[in-house]
Amino acid sequence: MNSNLQLLTFLVSFIYGIIFYYLTIINFKLIKDLKLCIQQIITFIYVIDMVIIYIIILYHLNKGYFHIYFIAMVIIGYFVGYITNKCLLSKINVNRFVRR
């Protein structure tokens, strides 16, 4: 695998980590009112689907070459999504939008 393809795969893995974080937030908000057993089943299916989607993306991007540092980039992207979400939510003044 050449260096351009590796850099592209790093970038895609990083962006996938950020998308994975925001989709996880949406998943938790959608299933928060369900029973705990149902929540766990849905979360398990969600994680399996996200892994399969990532494997398909890697297969189409670089013929399925898989290295552990691609997963590290997904994890770093996930944490960057967490930090940006935390920083963005702390700067929003909700009282400005709510009428009293």
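Author: A polar contact is a pair of N or O atoms within 3.5 Å; within protein, one must be able to donate a hydrogen and the other to accept it, and residues adjacent in sequence count only if both atoms are side-chain atoms. This is a predicted model, in which local features need pLDDT of at least 70, side-chain atom pairs count only at pLDDT 80 or more, and totals for chains, interfaces and linings use all residues. Residues are numbered from 1 along each chain as its sequence is written, and side-chain values use heavy atoms, without hydrogens and water.

Reader: Which side chain makes a polar contact with that of Ser13?

Author: The partner is Tyr54, at 2.7 Å. Ser13 itself sits in helix α1, residues 3–31 (a helix is a DSSP run of H or I, at least four residues, numbered from the N terminus).

Reader: Is Ser13 buried or exposed?

Author: Ser13 is buried, because its relative accessible area is 0% (buried means under 20%, exposed over 50%, partly exposed in between, with a 1.4 Å probe and protein chains only).

Reader: Beyond four places in sequence, what is Ser13 in contact with?

Author: Contact means heavy atoms within 4.5 Å. Ser13 touches Tyr54, Phe70, Met73 and Val74 in this way.

Reader: Which residues make up the largest nonpolar core?

Author: Nonpolar side chains tend to be buried together in soluble globular proteins. A nonpolar core is a set of buried Ala, Val, Leu, Ile, Met, Phe, Trp, Tyr and Cys residues joined through side-chain atoms within 4.5 Å. Here the largest has eight residues: Tyr16, Phe20, Tyr46, Met50, Tyr54, Leu58, Phe70 and Val74. At least two come from each of α1, α2 (36–62) and α3 (68–91); α2 has the largest share, four.
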